Structure formats: C-alpha cells, structure tokens
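Hi everyone, thanks for making time. I'd like to walk you through a structure that may be new to you, so let's get it up on the screen.

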Amino acid sequence: MRLWGKRRHYSEIAPEDIFLDDSGLNDFDHTRFEGRIERSLPDRSFSLVASAVGLLLVGLTVRAAYVQLAKGPNFAARSANNSLESTELFAPRGIITDRNGAVLAENDNRSNGSLGRRYPIPELGQIIGYVSYPKQDSKGFFYKTNISGVAGVEAMYNDVLSGSNGKVLVEKDVSGTERSSGTILPAKQGATLALSLDATMQKDLARAIAATVREHGFIAGAGVVMDAQSGEILAMVSHPSYDPNVISSGSPADIIARYNTDPGHPYIDHAVQGVYTPGSIVKPFLAAGALTDGLITPNTIIDDPGVITMHDPYTPGKVYVFKGWKKLGLLTVDKAIAWSSDVFFYTIGGGFGGQKGLGIDRVDYWYKQFGFGMKTGVDVPEEAAGLIPTPEWKQRVLKDQWYLADTFFTSIGQYSTQVTPLQAARAVAAIANDGKLRTPTLRKQMSGTALPTVTVPVSADALRVVKSGMRQSVTSALAHQLDVPYVSVAAKTGTAQTGVHNQYDNSWVIGFFPYENPRYAFAVVLERGPSGAGEQAVNATRSFLDLLYQDNSIYVGGSGQPRASSSPEQAN
C-alpha cells in the first residue's frame with residue numbers, strides 16, 4: 001500500500017457503454033450528428049482565444065492613452081480652430097414667359113456662385129424690369145442674400161418669382177480648407193410667371209415705333225395693344241428702352257452713361273408713366289358723352305368754317321379767335337370724328353351760337369368715365385394718373401378762374417389735359433367692347449378668372465355712331481394709311497403741339513380691329529417730333545400691322561404659321 005502516491009480513482013464502465021449494438025446504427029440521422037460521439041475542445045484553444053483578447057485590450061488601452069495624453073493637446077487645438085459655417089444656397093428665381101411660353105427672363109450662373117438673371121429680349125427693359133443681386137463684403141460674406149426685383153414685372157411680382165434660399169453647413173479648418181459639408185435646408189425655386197404679352201407682337205410693335213422715331217426726329221415713343229374683351233396686354237412698348245442685362249450687372253459703364261444722358265429718358269416706362277397732351281384722340285369719347293346726354297343726335301349738323309370768332313362782352317372791340325385745323329363745312333358727328341373737326345368739338349364742349357355745350361363739368365365727367373385722369377390699376381409699379389383740368393384744379397394750382405376758352409381747349413384734348421398711352425388704349429377698348437372699362441393686366445389670365453370691370457354709362461347707339469366715325473377715318477379720312485386689305489381697322493388720330501413756341505408735335509393714333517367684331521385695341525404716341533410730323537403715329541401703326549401680316553399672325557386673320565414672302569398689298 002502506497003501512502004504518499006497519488007490516489008487513482010476508477011469508475012466502473014458498463015459493458016453497454018463500450019459495445020454498441022450495431023443493429024441500430026442505420027436508424028441515426030447523421031446530418032444531425034446522431035450516432036456520433038462528441039469530443040470536447042482542448043484547453044489550449046481557450047487559452048489562445050483569451051490571450052488574443054487580452055492583447056487587443058492592451059493595444060486599445062495603450063492607443064487611447066497615447067491619443068489622450070501624448071496627442072490630446074494637439075488635437076484639442078486643431079478642434080478649437082475648426083469652424084462650422086452656414087453657407088447660403090441661392091434659390092433659382094422663377095422664369096418669366098410670354099403667353100405662348102417664350103422665355104422673357106431666365107437664370108444663369110454667376111462667377112461668385114450665385115444665380116444671375118438673363119433677359120433674351122432687351123427691348124422689354126421697362127416692362128420686365130431688372131433685379132438686384134446678393135451683395136458680398138470684402139471678406140466674401142454675403143450681407144444681402146436675396147435676388148430682388150427692382151423695377152417692372154420683376155418688382156411687381158417679386159413674391160411670386162422669389163424662391164426660398166437653402167443652407168449648407170460647412171466645416172473648415174484654421175487654414176480655411178473645407179473639411180466637410182452637407183445641405184441642411186434645400187433651396188426652393190420661385191414660381192414661373194406667364195405674362196399676357198405675345199413676344200412676336202411685342203417685337204413687331206417695338207420695331208415699328210423705333211424705326212419711326214429714328215427716321216422722323218422724335219425723341220421717344222410708346223405703344224400698347226390690349227385685348228378689349230379680357231383686358232390682357234398683348235404688347236406694350238416704351239422707346240428708347242434700357243437693356244436689363246446691363247442695369248442688373250452694372251456694366252458696361254459707357255452704356256449706362258448713355259442711358260443717363262438720353263433725352264428720351266429710357267428709364268421711364270413711357271406707356272405707363274409717360275403723360276402726354278392727347279389732342280384729338282379724345283373726340284370720340286366726348287362725342288359718345290354728348291350723344292348719350294342727348295345734347296346732339298346722329299343727325300345734328302354743325303358748320304365748321306375753320307374758325308370760331310367770339311366778341312368779349314365786357315371789353316368792346318376785343319375779339320377771341322379759336323382756329324380749327326381746316327375749313328370742313330357742314331358736319332354730322334361721325335364725319336366730325338372722321339375729319340377731326342376742332343370747331344365741331346369746341347361747340348359741343350363749350351357751346352356756341354345756337355348749340356348748347358356740355359360745359360366743363362360734363363366734359364370732365366365723360367373723360368373720367370372712360371378712365372382718363374386716373375390710374376388704370378395695371379400691375380406695373382409707379383403708374384401715372386394723368387390730369388383732366390377743371391375749374392377747381394385751376395384755382396388751386398394756378399390761382400386763376402376758369403374761362404370758356406379753357407373749356408374749348410379741354411374739349412379737343414389740349415390745355416392741361418394729360419393722359420398715358422395705356423389709358424388711351426383702355427379707353428378705346430371700352431368703345432370697342434360696347435362700354436366695358438377693363439382693368440389692364442400683364443399677367444396671363446387663367447380660364448374662368450375675371451378682372452375688375454367698370455361699365456361706362458354710355459348708350460349703345462352712341463357707341464355705334466362713334467365706331468362708324470372711327471371706321472370712316474380709316475376708309476376715307478385722316479387715318480387712311482390704316483386701310484389695309486387684310487384686316488378692317490377703326491382709328492382716331494391726334495396731334496398735340498408742345499414746346500415753348502409750339503415748335504414740336506406729339507403724334508397720336510388710337511383704334512381697334514377687326515371693325516366687324518372688335519377684339520384688339522391699340523394706342524401709339526410719338527413724342528416731340530418736328531412740327532408737321534403729326535401723322536407719323538399712323539405710319540408707325542401701319543408698319544406694325546404689315547409686320548403682323550408678314551408673320552401670318554392670328555391677330556390679323558393669319559394662321560400663325562410662317563407664310564411665303566408676299567407684300568400686304570397682294571392680300572385680298
């Protein structure tokens with residue numbers, strides 16, 4: 001018996017644990033390891049795994065200690081010098097199109113990373129306007145971050161066209177190097193704005209007015225074509241114009257300097273902000289009022305001997321002479337419109353001989369019923385109101401009393417009467433559409449929408465007579481240049497003398513077409529041309545109509561598709 005040796009422990013092994021009955025081997029599912037004897041992993045495997053994990057933990061601990069203790073101050077300094085900046089993400093401004101989708105204003109990229117504005121039709125300067133861009137200081141910081149409309153449609157519809165800027169978060173190190181960036185707020189583009197303008201008609205009217213101004217010595221001109229039924233403005237020209245691409249960018253300096261010294265004042269929208277003595281274009285409106293009031297009838301005859309002579313009842317021997325432009329003889333009201341008789345309208349305005357006149361109160365009333373002397377409500381900034389002189393106005397402004405002569409001259413659109421071309425187009429549209437004074441608009445109207453409209457209290461019979469007189473002016477009188485074969489036009493001309501010695505003429509024409517079913521109203525004025533150039537507005541309008549015809553325009557009965565070259569006289 002060993003007292004100090006290791007004790008051995010034996011356990012009995014049953015025979016059935018050693019010997020297996022192989023008769024059941026085939027009953028095991030070997031894919032599930034049945035019938036197999038398990039063998040445990042050796043202790044060395046566990047030791048190896050534990051050692052690897054321990055080494056990894058030691059390495060991580062050492063690295064953490066190194067970063068924190070040895071490199072910590074350096075990393076902290078670098079982190080402190082890094083900066084997060086919120087950078088502006090400029091929003092694209094809304095595109096402006098004409099009524100058919102032609103682009104009138106669009107976006108492009110600028111050198112500083114912001115978005116610019118491009119205007120494909122520079123002649124639309126006063127109408128479209130221009131924008132002011134984001135501004136940077138000397139360090140590149142944007143202290144003004146929006147693209148803002150400054151004039152014209154860009155200003156009027158700035159809220160529609162302006163998008164919403166986004167934000168980009170940028171991390172930079174001490175040297176200004178960008179380390180990371182990410183959009184935290186996306187930019188939102190402004191809405192597209194569809195105007196009522198027709199770009200082709202606009203170019204044709206601008207071309208005709210510019211050529212006439214240049215060739216006949218006027219300093220400026222303006223024209224409006226308006227849909228008499230809807231109030232939509234199809235073309236609105238102001239000449240001379242400015243290039244909004246130049247004004248927005250602020251260069252070239254020589255072009256801007258030329259704008260500043262141009263006697264035609266290109267920064268003024270002559271169609272909306274320019275006020276002009278209208279001359280004889282007011283006569284159809286005065287005739288409509290006199291007919292509606294029953295002062296005259298379509299058959300009333302007034303003799304035009306070319307002059308009215310009146311004796312001063314308070315000063316014996318003193319005679320006042322009011323000249324007409326020509327001796328025209330016996331006239332009914334339609335003939336007086338066609339031939340623009342001053343004597344006829346002196347008489348129905350102020351009264352003469354046996355014919356009672358409207359008097360200045362009713363003259364003022366009827367002018368204002370057709371929208372003269374007040375803003376039209378057009379969607380353009382800084383519209384002018386014009387002026388209809390009255391006794392109250394004269395006393396307040398000139399500190400003088402009103403005379404019969406003042407009524408005479410106001411009745412033929414002279415004295416201190418001032419109107420805008422847009423007012424004139426709107427007024428003649430009310431004749432064309434049987435008495436509806438529409439609110440003009442530059443925004444294309446959606447189906448089912450309606451602009452504010454005022455009904456002029458004028459009789460339908462009076463308007464028929466006035467329309468007839470305007471048509472006769474084209475077919476046989478002063479506006480005969482507009483007697484074109486491809487569309488029937490009704491019109492009224494006007495000439496107003498200006499200058500200290502009446503040495504200049506403002507030339508006017510208003511009208512509508514087609515005569516049988518009036519749809520489009522127009523007004524054209526040419527400013528301060530040489531004396532005797534009063535008919536040139538008619539010639540400019542004729543050139544405009546011919547250009548429309550050459551374009552096969554739907555507005556003069558064409559299909560809108562390009563036509564083979566032919567002269568207007570060949571049309572039938």
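Predicted model: local features only at pLDDT ≥ 70, side-chain atom pairs only at ≥ 80, totals over all residues.

The protein has 572 residues, and 46% of them count as buried. In terms of secondary structure, there are 18 helices and 22 strands. How much accessible surface does the protein have? About 29,600 Å², and carbon and sulfur atoms account for 53% of that. Now take the contacts between residues at least 6 apart in sequence: 65% of those join residues at least 24 apart.

Okay, helix pairs. Quick reminder: when two helices pack, we describe them by the angle between their axes and the distance between those axes.

First up is H12, residues 342–350, with H15, residues 404–411. Their axes come within 8 Å and cross at roughly 125°. That angle is why we call H12 oblique to H15. The crossing of H12 past H15 is right-handed. And which residues make the contact? On the H12 side you'll find Phe-345, Tyr-346, Gly-349 and Gly-350, while H15 brings in Leu-404, Thr-407, Phe-408, Phe-409 and Ser-411. Sorted by class, that's five nonpolar residues, four polar and no charged ones.

While we're around these two helices, have a look at the loops leading up to them. Between helix H11, residues 333–339, and H12 sits Ser-340. Ser-340 isn't a glycine, yet its phi is positive, about 55°. For context, most residues other than glycine have a negative phi, and most peptide bonds are trans. Then there's Lys-399, in the loop between helix H14, residues 391–398, and H15. Lys-399 also has a positive phi, near 55°, and is a residue other than glycine. Lys-399, at 63%, counts as exposed.

On to the second pair: H10, residues 283–292, and H17, residues 460–476. The angle here is about 150°, and the axes are 9 Å apart. H10 and H17 make a right-handed crossing. From H10 we have Pro-284, Ala-287, Ala-288, Leu-291 and Thr-292, and they meet Ala-462, Leu-463, Val-465, Val-466 and Met-470 of H17. By class, nine residues are nonpolar, one is polar and none is charged.

Keep Leu-463 in mind, please. Setting aside neighbours within four places in sequence, Asp-434 is in contact with Leu-463 and Lys-467. Asp-434 is in the loop between helix H16, residues 421–432, and strand E18, residues 436–438. With 51% relative accessibility, Asp-434 counts as exposed, since the cut-off for that is over 50%.

Last item: cis peptide bonds. Where can you find them? One runs from Ser-251 to Pro-252, with omega near 0°. Pro-252 is in the loop between helix H8, residues 244–249, and helix H9, residues 253–261. Another joins Phe-513 and Pro-514, with omega at about -15°. You'll see Pro-514 in the loop between strands E21, residues 504–513, and E22, residues 520–530.

That's my tour. Questions are welcome!

Methods:
Residues numbered from 1 in each chain as written. Heavy atoms only, no water. Axes fitted to C-alpha atoms, helices over the stretch in contact; angles between N-to-C directions. Helix = DSSP H or I, 4+ residues; strand = E, 2+ residues; numbered from the N terminus. Parallel < 35°, antiparallel > 145°, perpendicular 65-115°, else oblique. Left-handed = near helix turned anticlockwise from the far one by under 90°. Contact = heavy atoms within 4.5 Å. Nonpolar A, V, L, I, M, F, W, Y, C, P; charged D, E, K, R; others polar. Buried < 20%, exposed > 50% of the residue type's maximum accessible area, 1.4 Å probe, protein only. Areas by Shrake-Rupley, 256 points an atom, 1.4 Å probe, with all protein chains shown as cover.
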